[in-house]
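Here are my notes on the cavities and the charged pairs. Have the model open while you read.

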Amino acid sequence: MDQKDRLKNVVQIERSADLKPLHQRQAAVLALWRWRAPVLAFELDAEWGIDPAVLESLFQLAASRSGELSDRAYRRAIADLCTAPLFTSEVDPDTVQLFQLETISSLLTFGEFLDNPGTDVTDRVIEGSADLANYLDDLVDGSFYPHPSEEAHREYLANLAGRAGERYFASRNFAAESAGHRALRALPDTAGLLDSSAGRELLALCENFGEELVTTMQWLRATGH
């Protein structure tokens with residue numbers, strides 16, 4: 001399931017070393033949440049044998065208040081997920097499926113954080129989101145068809161003062177990361193992302209980006225990329 005050789009991009013990420021351990025975990029959750037919609041909006045390959053409800057439960061558990069009960073439930077859901085035929089078979093994913101597989105891989109990586117908390121695992125999840133955003137830019141740039149929101153994307157990039165050479169989805173992903181890191185520092189240590197209005201606002205920001213990702217992936221699939 002390792003597709004990293006197909007995602008050769010220079011990425012820009014917010015490092016998590018200056019965050020408290022709980023907020024490092026939440027930064028990883030926000031990175032995952034940006035790709036929740038693309039995973040769940042498209043039908044999973046039936047041969048993978050993955051129940052979408054298991055993936056949804058992983059996202060919800062990750063964003064819940066951290067503790068022994070939620071961590072144990074996450075590990076159980078991971079164990080259930082790993083019994084799927086996907087993990088014992090060869091796959092040749094199309095474009096949308098590649099994004100699904102990479103996000104599933106990041107959900108597994110987040111499970112490692114529960115047993116070995118630290119910035120290395122957190123940054124791997126955050127970098128995974130940046131990799132995918134850069135790869136999506138590659139696909140859009142390489143398409144024979146103009147993106148339906150090309151003009152809006154160009155205007156967005158033009159307003160990024162002092163950041164020449166940026167690309168749209170990479171920039172949007174990094175903006176969401178930066179906003180998340182700033183806001184997490186102000187969240188109380190006892191709050192889960194789903195338990196506070198500030199946390200839910202951060203998740204909503206990621207959901208909005210995720211919905212935009214879905215629209216572009218639908219366009220890529222419709223144009224036969």
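1. Start with the second largest cavity: its lining is Ala27, Leu30, Ala31, Arg34, Ile126, Glu177, Gly180 and His181. H1 and helix H8 (168–184) are the elements that give two or more residues to that lining. A cavity here is a set of points, on a 1 Å grid over the protein atoms alone, where a 1.4 Å probe fits but cannot get out; lining residues have an atom within 4 Å of a point. Helices are DSSP runs (H or I, at least four residues), numbered from the N terminus.

2. Before going on, the ground rules: this is a predicted model, where local features need pLDDT of at least 70 and side-chain atom pairs count only at pLDDT 80 or more, while totals for chains, interfaces and linings use all residues. Residues are numbered from 1 along each chain as its sequence is written, and side-chain values use heavy atoms, with hydrogens and water left out.

3. The second largest cavity holds about 40 Å³ of space. Its lining splits into four nonpolar, two polar and two charged residues. For the classes, Ala, Val, Leu, Ile, Met, Phe, Trp, Tyr, Cys and Pro are nonpolar, Asp, Glu, Lys and Arg are charged, and the others, Gly among them, are polar.

4. Now the largest cavity, at about 70 Å³. Eleven residues line it, and Trp35, Ser106, Gly128, Ser129 and Leu132 are the closest to its centre. H6 gives the largest share of the lining, four residues. Five nonpolar, four polar and two charged residues make up this lining.

5. On to the salt bridges (a side-chain nitrogen of Lys or Arg within 4 Å of a carboxyl oxygen of Asp or Glu). The count comes to 14. Arg36, Glu56 and Glu207 are linked in a network of them.

6. Have a look at Arg72 and Glu68, a salt bridge at 2.5 Å, N to O. Both sit in helix H4 (residues 68–81), four residues apart, about one turn of the helix. Arg72 is partly exposed at 35% relative accessible area, whereas Glu68 is exposed at 60%. The cut-offs are under 20% for buried, over 50% for exposed and partly exposed in between, with a 1.4 Å probe and protein chains only.

7. Which helices does the Arg124–Glu112 pair tie together? The two side chains meet in a salt bridge at 3.0 Å, N to O. Arg124 lies in helix H6 and Glu112 in helix H5, so the pair ties together parts twelve residues apart in sequence. Arg124 is partly exposed at 41%, and Glu112 is partly exposed at 35%.

Definitions and conventions. 1 Å grid on protein atoms, 1.4 Å probe; cavity = no way out; pocket = protein on both sides within 12 Å on 5 of 7 lines; lining within 4 Å. Points joined across faces, edges and corners; volume = space filled by probe spheres on them.
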